[in-house]
Amino acid sequence: MESTAARLPLGLKLLFTAFLAVMVPVYWTNYGPTNFLYFCDISLLLCLISLWTEKKLPASMAAVGILLPQVLWCLDFLGELFGVHLVGMTAYMFDLNRSLFLRGLSFFHGWLPFLLVFLVKRLAYDRRALWAWTGLAWGLCLVAYFFLPPAGAVMPDPKIPVNINYVYGFDDAHPQTWLPAPVYLLGWMAALFLVAYLPTHMVLRKWLGTKPAKPEQVVSASQLMLASSTKG
């Protein structure tokens, strides 16, 4: 039987919860509630659930979903910092109309991947995460495409997000034009699965999918086998 002792530090749980207690109301006030439909913000919630329940599925889902995209975020940020435009997903980090504090909160994109790797390493990787996250992510894409403002939409407050989860292309100011919008959406959803989620799943499954047995578990199993052979 698995030990009931806490596998995650209480300090980490409290620190992460405190961060969300600050970030959520600040983001809600500045960006509105639809901002929390971004993959990265959903991953923060999944991370919180895993921290407090010590269940491996939520953290595994978040890891499958955002490890590679967050690497892209970091590369794009470094590119923008040194004047090299990659995909523009971090252009908002250099928007002087947003306070330094507001932009500073977004640096969670840089440390969240490391936290997720720690959680999955400590709790083990749940192989159900691939399809659980894919279903969630595709659902979020459909919601963003059919119900939320598209790229180029003029909002009352320019900070309110449009083109959530890039369902209209990587340029929030203009929707992509090289494919019909529905075709692009389906291609984008397929690309997320094939390029980001599936490779990450395969790496995590091989690297962290099996958690080593604890010494007490090995001893208990040996004693059980010895008892069984004695009875025979």
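Tutor: Helix α3 gives the largest share of the lining of the largest pocket, seven residues. Helices here are DSSP runs of H or I with at least four residues, numbered from the N terminus. This is a predicted model, where local features need pLDDT of at least 70 and side-chain atom pairs count only at pLDDT 80 or more, while totals for chains, interfaces and linings use all residues. Residues are numbered from 1 along each chain as its sequence is written, and side-chain values use heavy atoms, with hydrogens and water left out.

Student: How is a pocket found, and what is the volume of the largest pocket?

Tutor: Rolling a probe the size of a water molecule over the atoms shows where empty space is left. On a 1 Å grid over the protein atoms alone, a pocket is an open set of points where a 1.4 Å probe fits, with protein on both sides within 12 Å along at least five of seven lines; lining residues have an atom within 4 Å of a point. Grid points are joined across faces, edges and corners, and the volume is the space filled by probe spheres set on the points. Here the largest pocket has a volume of about 1,100 Å³. Of its 45 lining residues, Tyr 38, Met 89, Tyr 92, Tyr 166 and Asp 172 are the closest to the centre.

Student: Which residues of α1 are buried?

Tutor: An α-helix has 3.6 residues a turn, so residues three or four places apart point the same way. Buried means under 20% relative accessible area, with a 1.4 Å probe and protein chains only. In α1 (10–31), the buried residues include Phe 16, Phe 19, Leu 20, Met 23, Val 26 and Tyr 27. Their cover includes α2, α4 (100–105) and α5.

Student: Where is Leu 102, and what does Leu 102 touch?

Tutor: Leu 102 is found in α4 and is buried, at a relative accessible area of 2%. Contact means heavy atoms within 4.5 Å. Not counting residues up to four places away in sequence, Leu 102 touches Val 26, Tyr 27, Asn 30, Tyr 31 and Lys 159.

Student: Is His 201 buried or exposed?

Tutor: His 201, in helix α7 (residues 181–208), is buried, with a relative accessible area of 7%. Its side chain makes a polar contact with the side chain of Tyr 125 at 2.6 Å. A polar contact is a pair of N or O atoms within 3.5 Å; within protein, one must be able to donate a hydrogen and the other to accept it, and residues adjacent in sequence count only if both atoms are side-chain atoms.

How values were computed:
Helices (H or I, at least four residues) and strands (E, at least two) are DSSP runs, numbered from the N terminus. Buried means under 20% relative accessible area, exposed over 50%, partly exposed in between (1.4 Å probe, protein chains only).
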